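I opened my notebook to get to know a new structure. Here is what I looked up, entry by entry.

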Amino acid sequence: MQTASEIRQGLQAARLTLQRDYEQHSLPRRLLRAHSKLIDQYLRLIWKWLAMPPNLVLVAVGGYGRSELYPRSDIDLLIVLPHEPEEALQQHLQKLIGVLWDVGLDVGHSIRTVAQCLAESVDITVQTNLLEARRVTGAASLFKEMQHILKSNLQHQQFFLSKQQEQTQRYTRLLDTDYNLEPNLKESPGGLRDLHTVLWISRACGLGETWRELAAAAIITPPEARAITRHEALLQTLRIRLHYLAGRREDRLLFDYQTTLAEQMYITATHTRRASEHLMQKYYRTKQAVQQLNIVLMQNLRTYLFPAASIIQPLNERFLIRDDLLEARDEKLFEREPSAILESFLLLTQHPPLSGFSAATLRALWRARQYIDAKFRRDKHNHALFMNLLCQPQGLTQAL
(Lines give C-alpha, C1' and ligand atoms only; values in the text may rest on other atoms or scores of the structure.)
Protein backbone atom coordinates (compact mmCIF):
# COMPACT_ATOMS: atom_id res chain seq x y z
CA MET A 1 0.00 0.00 0.00
CA GLN A 2 1.21 3.53 -0.80
CA THR A 3 2.30 5.90 1.93
CA ALA A 4 0.63 9.28 2.49
CA SER A 5 3.67 10.96 0.93
CA GLU A 6 3.43 8.80 -2.19
CA ILE A 7 -0.31 9.47 -2.48
CA ARG A 8 0.35 13.21 -2.18
CA GLN A 9 2.97 13.09 -4.95
CA GLY A 10 0.65 11.10 -7.20
CA LEU A 11 -2.17 13.59 -6.61
CA GLN A 12 0.08 16.55 -7.42
CA ALA A 13 1.24 14.89 -10.63
CA ALA A 14 -2.31 14.04 -11.68
CA ARG A 15 -3.47 17.60 -11.05
CA LEU A 16 -0.56 18.96 -13.06
CA THR A 17 -1.55 16.67 -15.93
CA LEU A 18 -5.09 18.08 -15.79
CA GLN A 19 -3.73 21.63 -15.85
CA ARG A 20 -1.57 20.92 -18.90
CA ASP A 21 -4.50 19.30 -20.69
CA TYR A 22 -6.64 22.35 -19.93
CA GLU A 23 -3.95 24.75 -21.14
CA GLN A 24 -3.80 22.82 -24.39
CA HIS A 25 -7.54 22.41 -25.04
CA SER A 26 -9.20 25.06 -22.82
CA LEU A 27 -12.38 23.04 -22.22
CA PRO A 28 -13.70 24.20 -18.84
CA ARG A 29 -16.42 21.60 -18.32
CA ARG A 30 -14.02 18.79 -19.13
CA LEU A 31 -11.54 20.05 -16.55
CA LEU A 32 -14.16 20.49 -13.81
CA ARG A 33 -15.55 16.99 -14.36
CA ALA A 34 -12.11 15.43 -14.66
CA HIS A 35 -10.90 17.12 -11.47
CA SER A 36 -13.99 15.90 -9.60
CA LYS A 37 -13.45 12.38 -10.91
CA LEU A 38 -9.79 12.47 -9.90
CA ILE A 39 -10.65 13.47 -6.34
CA ASP A 40 -13.30 10.73 -6.25
CA GLN A 41 -10.59 8.18 -7.06
CA TYR A 42 -8.25 9.40 -4.31
CA LEU A 43 -11.00 9.58 -1.71
CA ARG A 44 -12.03 6.00 -2.48
CA LEU A 45 -8.39 4.92 -2.25
CA ILE A 46 -7.93 6.52 1.18
CA TRP A 47 -11.33 5.31 2.43
CA LYS A 48 -10.33 1.76 1.55
CA TRP A 49 -6.78 2.20 2.85
CA LEU A 50 -8.09 3.21 6.29
CA ALA A 51 -10.69 0.41 6.28
CA MET A 52 -13.57 2.73 7.08
CA PRO A 53 -16.65 0.94 8.48
CA PRO A 54 -18.95 -0.32 5.70
CA ASN A 55 -22.09 1.22 7.23
CA LEU A 56 -20.85 4.80 6.67
CA VAL A 57 -21.16 6.77 3.44
CA LEU A 58 -18.87 9.47 2.06
CA VAL A 59 -20.81 12.14 0.17
CA ALA A 60 -19.67 14.99 -2.09
CA VAL A 61 -21.66 18.21 -1.64
CA GLY A 62 -21.56 21.76 -2.99
CA GLY A 63 -19.68 22.39 -6.22
CA TYR A 64 -17.84 19.11 -5.79
CA GLY A 65 -21.19 17.35 -5.48
CA ARG A 66 -22.32 18.64 -8.87
CA SER A 67 -18.92 17.63 -10.36
CA GLU A 68 -17.75 21.23 -10.83
CA LEU A 69 -14.57 21.22 -8.75
CA TYR A 70 -12.31 24.18 -9.55
CA PRO A 71 -8.53 23.78 -9.31
CA ARG A 72 -8.09 25.48 -5.90
CA SER A 73 -11.57 25.18 -4.43
CA ASP A 74 -12.26 23.44 -1.13
CA ILE A 75 -13.51 19.87 -1.36
CA ASP A 76 -16.84 19.83 0.48
CA LEU A 77 -17.54 16.47 2.09
CA LEU A 78 -20.29 15.01 4.23
CA ILE A 79 -19.82 11.76 6.15
CA VAL A 80 -23.18 10.23 7.00
CA LEU A 81 -23.45 7.87 9.97
CA PRO A 82 -26.25 5.43 10.83
CA HIS A 83 -26.12 6.55 14.50
CA GLU A 84 -24.16 8.76 16.88
CA PRO A 85 -20.46 7.78 16.77
CA GLU A 86 -18.78 6.02 19.64
CA GLU A 87 -15.31 7.00 20.85
CA ALA A 88 -13.52 4.48 18.62
CA LEU A 89 -15.37 5.67 15.51
CA GLN A 90 -14.70 9.31 16.37
CA GLN A 91 -10.98 8.59 16.47
CA HIS A 92 -11.22 6.70 13.19
CA LEU A 93 -12.96 9.66 11.56
CA GLN A 94 -10.39 12.10 12.94
CA LYS A 95 -7.65 9.96 11.42
CA LEU A 96 -9.44 10.03 8.04
CA ILE A 97 -9.65 13.84 8.02
CA GLY A 98 -6.00 14.10 9.07
CA VAL A 99 -4.87 11.82 6.24
CA LEU A 100 -6.94 13.78 3.70
CA TRP A 101 -5.12 16.98 4.67
CA ASP A 102 -1.76 15.18 4.74
CA VAL A 103 -2.13 14.07 1.12
CA GLY A 104 -3.00 17.60 -0.03
CA LEU A 105 -6.80 17.57 -0.12
CA ASP A 106 -8.22 20.85 1.22
CA VAL A 107 -11.45 19.47 2.62
CA GLY A 108 -14.35 21.16 4.30
CA HIS A 109 -16.22 18.42 6.12
CA SER A 110 -19.21 17.70 8.30
CA ILE A 111 -20.17 14.47 10.06
CA ARG A 112 -23.89 13.84 10.66
CA THR A 113 -26.53 11.19 11.03
CA VAL A 114 -29.51 11.26 8.64
CA ALA A 115 -31.64 12.79 11.39
CA GLN A 116 -29.04 15.53 11.91
CA CYS A 117 -28.95 16.20 8.15
CA LEU A 118 -32.71 16.69 8.20
CA ALA A 119 -32.54 18.97 11.24
CA GLU A 120 -29.72 21.08 9.74
CA SER A 121 -31.55 21.41 6.40
CA VAL A 122 -33.77 24.13 7.87
CA ASP A 123 -30.80 26.35 6.96
CA ILE A 124 -31.18 27.13 3.23
CA THR A 125 -27.42 26.89 2.64
CA VAL A 126 -27.25 23.40 4.14
CA GLN A 127 -30.40 22.36 2.29
CA THR A 128 -28.88 23.52 -0.99
CA ASN A 129 -25.63 21.64 -0.35
CA LEU A 130 -27.56 18.47 0.43
CA LEU A 131 -29.64 18.93 -2.72
CA GLU A 132 -26.44 18.44 -4.74
CA ALA A 133 -25.23 15.49 -2.67
CA ARG A 134 -23.46 12.74 -4.62
CA ARG A 135 -22.27 9.45 -3.18
CA VAL A 136 -18.52 8.91 -3.52
CA THR A 137 -18.14 5.64 -1.62
CA GLY A 138 -19.62 3.74 1.29
CA ALA A 139 -23.07 2.46 2.17
CA ALA A 140 -25.36 3.05 -0.81
CA SER A 141 -28.45 2.13 1.23
CA LEU A 142 -27.75 4.84 3.82
CA PHE A 143 -27.25 7.41 1.07
CA LYS A 144 -30.57 6.45 -0.55
CA GLU A 145 -32.29 6.72 2.83
CA MET A 146 -30.89 10.22 3.31
CA GLN A 147 -31.94 11.31 -0.17
CA HIS A 148 -35.47 9.95 0.28
CA ILE A 149 -36.00 11.68 3.63
CA LEU A 150 -34.58 15.00 2.46
CA LYS A 151 -36.60 14.94 -0.77
CA SER A 152 -39.86 14.13 1.02
CA ASN A 153 -39.31 17.10 3.35
CA LEU A 154 -38.37 19.59 0.63
CA GLN A 155 -41.04 22.26 0.15
CA HIS A 156 -40.69 23.56 -3.40
CA GLN A 157 -42.38 26.92 -2.98
CA GLN A 158 -40.53 27.74 0.24
CA PHE A 159 -37.24 26.70 -1.35
CA PHE A 160 -37.85 29.07 -4.26
CA LEU A 161 -38.72 31.97 -1.97
CA SER A 162 -35.65 31.34 0.18
CA LYS A 163 -33.30 31.22 -2.81
CA GLN A 164 -34.90 34.35 -4.25
CA GLN A 165 -34.38 36.17 -0.95
CA GLU A 166 -30.82 34.87 -0.75
CA GLN A 167 -30.12 36.26 -4.24
CA THR A 168 -31.61 39.63 -3.32
CA GLN A 169 -29.46 39.82 -0.19
CA ARG A 170 -26.37 38.88 -2.20
CA TYR A 171 -27.10 41.63 -4.73
CA THR A 172 -27.52 44.16 -1.91
CA ARG A 173 -24.30 43.05 -0.23
CA LEU A 174 -22.31 43.34 -3.45
CA LEU A 175 -24.01 46.48 -4.79
CA ASP A 176 -21.00 48.74 -4.20
CA THR A 177 -18.36 46.23 -5.23
CA ASP A 178 -20.32 45.27 -8.34
CA TYR A 179 -19.41 48.59 -9.96
CA ASN A 180 -15.69 48.40 -9.29
CA LEU A 181 -13.23 47.10 -11.84
CA GLU A 182 -12.40 43.88 -9.99
CA PRO A 183 -15.70 41.94 -9.99
CA ASN A 184 -16.27 38.59 -8.35
CA LEU A 185 -16.86 35.91 -10.99
CA LYS A 186 -18.85 33.76 -8.60
CA GLU A 187 -20.85 36.08 -6.36
CA SER A 188 -21.35 39.35 -8.27
CA PRO A 189 -24.69 39.90 -10.04
CA GLY A 190 -24.42 38.22 -13.43
CA GLY A 191 -21.87 35.72 -12.08
CA LEU A 192 -21.89 31.96 -11.71
CA ARG A 193 -24.05 32.07 -8.59
CA ASP A 194 -26.94 33.50 -10.65
CA LEU A 195 -26.79 30.38 -12.82
CA HIS A 196 -26.46 28.05 -9.83
CA THR A 197 -29.56 29.58 -8.23
CA VAL A 198 -31.72 28.75 -11.23
CA LEU A 199 -30.39 25.20 -11.45
CA TRP A 200 -30.85 24.62 -7.71
CA ILE A 201 -34.51 25.58 -7.93
CA SER A 202 -35.13 23.55 -11.09
CA ARG A 203 -33.39 20.54 -9.53
CA ALA A 204 -35.48 20.86 -6.36
CA CYS A 205 -38.67 20.97 -8.44
CA GLY A 206 -37.67 18.03 -10.63
CA LEU A 207 -37.56 20.18 -13.78
CA GLY A 208 -34.00 19.31 -14.74
CA GLU A 209 -30.37 19.73 -13.80
CA THR A 210 -28.97 21.11 -17.07
CA TRP A 211 -29.89 23.92 -19.43
CA ARG A 212 -30.92 21.38 -22.05
CA GLU A 213 -33.31 19.74 -19.58
CA LEU A 214 -34.78 23.13 -18.68
CA ALA A 215 -35.38 23.77 -22.37
CA ALA A 216 -37.17 20.42 -22.63
CA ALA A 217 -39.35 21.49 -19.67
CA ALA A 218 -40.18 24.78 -21.49
CA ILE A 219 -38.64 26.87 -18.70
CA ILE A 220 -36.10 28.23 -21.17
CA THR A 221 -36.03 28.31 -24.97
CA PRO A 222 -33.42 26.29 -26.91
CA PRO A 223 -31.65 29.48 -28.16
CA GLU A 224 -31.53 30.77 -24.57
CA ALA A 225 -30.15 27.42 -23.42
CA ARG A 226 -27.36 27.68 -25.99
CA ALA A 227 -26.63 31.29 -25.03
CA ILE A 228 -26.51 30.59 -21.31
CA THR A 229 -24.23 27.60 -21.90
CA ARG A 230 -21.84 29.86 -23.83
CA HIS A 231 -21.84 32.55 -21.13
CA GLU A 232 -21.38 29.97 -18.40
CA ALA A 233 -18.34 28.59 -20.23
CA LEU A 234 -16.69 32.03 -20.30
CA LEU A 235 -17.22 32.55 -16.56
CA GLN A 236 -15.89 29.05 -15.86
CA THR A 237 -12.86 29.67 -18.07
CA LEU A 238 -12.00 32.92 -16.29
CA ARG A 239 -12.40 31.35 -12.85
CA ILE A 240 -10.29 28.29 -13.71
CA ARG A 241 -7.50 30.44 -15.13
CA LEU A 242 -7.63 32.74 -12.10
CA HIS A 243 -7.15 29.78 -9.77
CA TYR A 244 -4.13 28.63 -11.74
CA LEU A 245 -2.63 32.11 -12.00
CA ALA A 246 -3.06 32.94 -8.32
CA GLY A 247 -2.08 29.49 -7.11
CA ARG A 248 -4.99 29.67 -4.66
CA ARG A 249 -8.76 30.05 -4.62
CA GLU A 250 -9.28 33.48 -6.21
CA ASP A 251 -12.62 34.45 -7.74
CA ARG A 252 -12.05 38.19 -8.25
CA LEU A 253 -10.87 39.59 -11.56
CA LEU A 254 -8.02 41.49 -9.94
CA PHE A 255 -6.03 44.04 -11.95
CA ASP A 256 -2.88 41.99 -11.36
CA TYR A 257 -4.26 39.14 -13.47
CA GLN A 258 -6.34 40.86 -16.15
CA THR A 259 -3.53 41.39 -18.67
CA THR A 260 -2.20 37.84 -18.29
CA LEU A 261 -5.69 36.42 -18.58
CA ALA A 262 -6.22 38.34 -21.81
CA GLU A 263 -2.95 37.00 -23.22
CA GLN A 264 -3.87 33.43 -22.27
CA MET A 265 -7.21 33.81 -24.03
CA TYR A 266 -5.56 35.28 -27.17
CA ILE A 267 -7.18 38.68 -26.68
CA THR A 268 -4.95 41.36 -28.18
CA ALA A 269 -4.68 45.10 -27.75
CA THR A 270 -5.86 47.60 -30.36
CA HIS A 271 -4.89 51.21 -31.04
CA THR A 272 -7.52 52.48 -28.61
CA ARG A 273 -7.74 49.76 -25.95
CA ARG A 274 -5.48 47.49 -23.98
CA ALA A 275 -6.03 43.73 -24.15
CA SER A 276 -7.25 43.77 -20.54
CA GLU A 277 -9.93 46.31 -21.47
CA HIS A 278 -11.19 44.06 -24.26
CA LEU A 279 -11.26 41.18 -21.78
CA MET A 280 -13.31 43.16 -19.27
CA GLN A 281 -15.71 44.32 -21.99
CA LYS A 282 -16.25 40.67 -22.91
CA TYR A 283 -16.87 39.86 -19.25
CA TYR A 284 -19.36 42.70 -18.73
CA ARG A 285 -21.35 41.68 -21.79
CA THR A 286 -21.58 38.15 -20.41
CA LYS A 287 -22.51 39.50 -16.98
CA GLN A 288 -25.35 41.55 -18.49
CA ALA A 289 -26.68 38.59 -20.45
CA VAL A 290 -26.54 36.27 -17.42
CA GLN A 291 -28.41 38.78 -15.27
CA GLN A 292 -31.12 39.14 -17.89
CA LEU A 293 -31.47 35.39 -18.35
CA ASN A 294 -31.60 34.96 -14.57
CA ILE A 295 -34.53 37.40 -14.39
CA VAL A 296 -36.40 35.57 -17.16
CA LEU A 297 -35.83 32.14 -15.64
CA MET A 298 -36.70 33.18 -12.09
CA GLN A 299 -39.97 34.64 -13.38
CA ASN A 300 -40.75 31.46 -15.29
CA LEU A 301 -39.99 29.31 -12.25
CA ARG A 302 -42.19 31.52 -10.08
CA THR A 303 -45.05 31.12 -12.57
CA TYR A 304 -44.55 27.35 -12.53
CA LEU A 305 -44.53 27.15 -8.73
CA PHE A 306 -47.20 29.77 -8.04
CA PRO A 307 -49.72 29.26 -10.86
CA ALA A 308 -52.40 31.55 -9.43
CA ALA A 309 -54.25 33.68 -11.98
CA SER A 310 -52.47 36.93 -12.82
CA ILE A 311 -53.97 40.35 -12.14
CA ILE A 312 -54.04 42.16 -15.50
CA GLN A 313 -54.58 45.89 -15.95
CA PRO A 314 -54.67 47.59 -19.37
CA LEU A 315 -52.19 50.46 -19.72
CA ASN A 316 -52.48 51.60 -23.33
CA GLU A 317 -52.98 50.05 -26.76
CA ARG A 318 -49.46 48.56 -26.72
CA PHE A 319 -48.83 47.61 -23.08
CA LEU A 320 -50.54 46.13 -20.05
CA ILE A 321 -49.60 45.45 -16.43
CA ARG A 322 -49.49 41.81 -15.37
CA ASP A 323 -49.25 41.69 -11.58
CA ASP A 324 -46.45 44.24 -11.01
CA LEU A 325 -44.69 43.72 -14.34
CA LEU A 326 -44.89 45.62 -17.62
CA GLU A 327 -45.85 43.43 -20.57
CA ALA A 328 -46.16 44.14 -24.29
CA ARG A 329 -49.53 43.05 -25.67
CA ASP A 330 -47.77 41.64 -28.75
CA GLU A 331 -44.31 40.00 -28.55
CA LYS A 332 -43.58 41.33 -32.07
CA LEU A 333 -44.29 44.92 -30.99
CA PHE A 334 -40.66 46.04 -30.73
CA GLU A 335 -39.74 44.57 -34.09
CA ARG A 336 -42.74 46.23 -35.72
CA GLU A 337 -42.44 49.55 -33.84
CA PRO A 338 -38.87 49.96 -32.54
CA SER A 339 -39.75 53.25 -30.80
CA ALA A 340 -41.82 51.15 -28.38
CA ILE A 341 -38.49 50.02 -26.90
CA LEU A 342 -37.94 53.51 -25.47
CA GLU A 343 -41.62 53.84 -24.60
CA SER A 344 -41.44 50.70 -22.46
CA PHE A 345 -38.63 52.14 -20.32
CA LEU A 346 -40.44 55.47 -20.06
CA LEU A 347 -43.53 53.65 -18.77
CA LEU A 348 -41.42 51.99 -16.07
CA THR A 349 -40.50 55.42 -14.68
CA GLN A 350 -44.07 56.75 -14.93
CA HIS A 351 -45.63 53.86 -12.99
CA PRO A 352 -43.66 53.34 -9.74
CA PRO A 353 -45.54 50.14 -8.72
CA LEU A 354 -43.93 48.37 -11.70
CA SER A 355 -40.96 46.26 -10.62
CA GLY A 356 -39.75 45.40 -14.12
CA PHE A 357 -40.66 43.59 -17.32
CA SER A 358 -42.40 40.25 -17.73
CA ALA A 359 -40.26 37.38 -18.99
CA ALA A 360 -41.96 37.46 -22.41
CA THR A 361 -41.31 41.18 -22.79
CA LEU A 362 -37.68 40.86 -21.69
CA ARG A 363 -37.20 38.23 -24.38
CA ALA A 364 -38.90 40.47 -26.96
CA LEU A 365 -36.64 43.39 -26.02
CA TRP A 366 -33.58 41.19 -26.36
CA ARG A 367 -34.64 39.99 -29.81
CA ALA A 368 -35.31 43.57 -30.95
CA ARG A 369 -31.97 45.07 -29.86
CA GLN A 370 -30.71 44.97 -33.45
CA TYR A 371 -33.36 47.54 -34.40
CA ILE A 372 -31.54 50.23 -32.43
CA ASP A 373 -29.49 51.38 -35.42
CA ALA A 374 -28.51 54.66 -37.09
CA LYS A 375 -32.05 55.20 -38.40
CA PHE A 376 -33.46 54.63 -34.91
CA ARG A 377 -31.04 57.18 -33.43
CA ARG A 378 -31.90 59.84 -36.03
CA ASP A 379 -35.65 59.54 -35.44
CA LYS A 380 -36.97 62.75 -33.80
CA HIS A 381 -39.76 60.83 -32.06
CA ASN A 382 -37.15 58.66 -30.40
CA HIS A 383 -35.20 61.80 -29.41
CA ALA A 384 -38.31 63.13 -27.67
CA LEU A 385 -38.98 59.82 -25.89
CA PHE A 386 -35.41 59.66 -24.63
CA MET A 387 -35.40 63.27 -23.38
CA ASN A 388 -38.75 62.65 -21.70
CA LEU A 389 -37.23 59.62 -19.99
CA LEU A 390 -34.29 61.68 -18.70
CA CYS A 391 -36.69 64.28 -17.26
CA GLN A 392 -38.67 61.83 -15.14
CA PRO A 393 -38.60 62.66 -11.41
CA GLN A 394 -38.20 59.03 -10.27
CA GLY A 395 -37.21 55.60 -11.54
CA LEU A 396 -34.54 56.93 -13.89
CA THR A 397 -31.68 54.85 -12.52
CA GLN A 398 -33.65 51.62 -12.88
CA ALA A 399 -34.75 52.53 -16.40
CA LEU A 400 -31.23 53.41 -17.56
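This is a predicted model: local features need pLDDT of at least 70, side-chain atom pairs count only at pLDDT 80 or more; totals for chains, interfaces and linings use all residues.

Entry 1: Is F357 buried or exposed? F357 has a relative accessible area of 8%, and the cut-off for buried is under 20%, so I noted F357 as buried. Next I looked for aromatic pairs and found that the structure holds 5 of them. One of these joins F357 to F345, with 5.1 Å between the centres and 80° between the planes, an edge-to-face arrangement. I saw that F345 belongs to helix α16 (residues 339-350) while F357 belongs to strand β8 (residues 356-357), so the pair ties together parts that are 12 residues apart in sequence. F345 itself comes out as partly exposed, at 22% relative accessibility.

**Entry 2: who else touches F357?** I turned to Q299, which sits in helix α14 (residues 275-305). Which residues does Q299 contact, leaving aside its neighbours within four places in sequence? I listed L325, F357, S358, A359 and L362. Q299 is buried too, with a relative accessible area of 16%.

**Entry 3: back to α16.** I returned to this helix for E343, which has its place there. E343 counts as buried, at 13% relative accessibility. Setting aside neighbours within four places in sequence, I found E343 in contact with N316, R318, F319 and L385.

**Entry 4: arginines over rings.** I then checked for charges above aromatic faces. R369 lies over the face of W366, and I noted 4.0 Å to the ring centre. R302 lies over the face of F306, at 5.4 Å from the ring centre.

**Entry 5: a sheet.** In what order do the strands of the open sheet of 4 strands come? I wrote down β3-β2-β1-β4, with mixed pairing. At the edges stand β3 (107-113) and β4 (134-138); each has a single partner strand, so one side of each is left without a neighbour in the sheet. From one strand to the next, the twist averages 25°. I also looked at one pairing inside the sheet: β1 (residues 57-60) and β2 (residues 75-81) run antiparallel and are joined by 4 bridges. As an example, V59 has L78 in β2 as its bridge partner.

**Entry 6: two helices packing.** I picked helix α2 (residues 28-49) and helix α12 (residues 222-246). Their axes are 9 Å apart and the helices pack at an angle of about 60°. That makes α2 oblique to α12. Which residues of α2 meet α12? I found P28, R29, L31 and L32 on the α2 side. On the α12 side they meet T229, E232, A233, Q236, T237, I240 and Y244.

**Entry 7: stepping back.** Last, I took in the whole protein chain. I counted 20 helices and 8 strands. The C-alpha trace spans about 80 × 55 × 35 Å along its principal axes. Finally, I looked at contacts with a separation of 6 or more, and residues 24 or more positions apart account for 67% of them.

Definitions and conventions. Residues are numbered from 1 along each chain as its sequence is written. Side-chain values use heavy atoms; hydrogens and water are left out. Rings of Phe, Tyr and Trp (its six-membered ring) pair if their centres lie within 6.5 Å; planes under 30 degrees apart count as stacked, over 60 as edge-to-face and the rest as tilted. Buried means under 20% relative accessible area, exposed over 50%, partly exposed in between (1.4 Å probe, protein chains only). A charge sits over a ring if NZ of Lys or CZ of Arg is within 6 Å of the ring centre and within 35 degrees of the ring normal. Two strands pair if DSSP finds at least two bridges between them. Axes are lines fitted to C-alpha atoms, for helices over the stretch in contact, and angles run from 0 to 180 degrees between N-to-C directions. Angles under 35 degrees count as roughly parallel, over 145 as roughly antiparallel, 65 to 115 as roughly perpendicular and the rest as oblique. Contact means heavy atoms within 4.5 Å.
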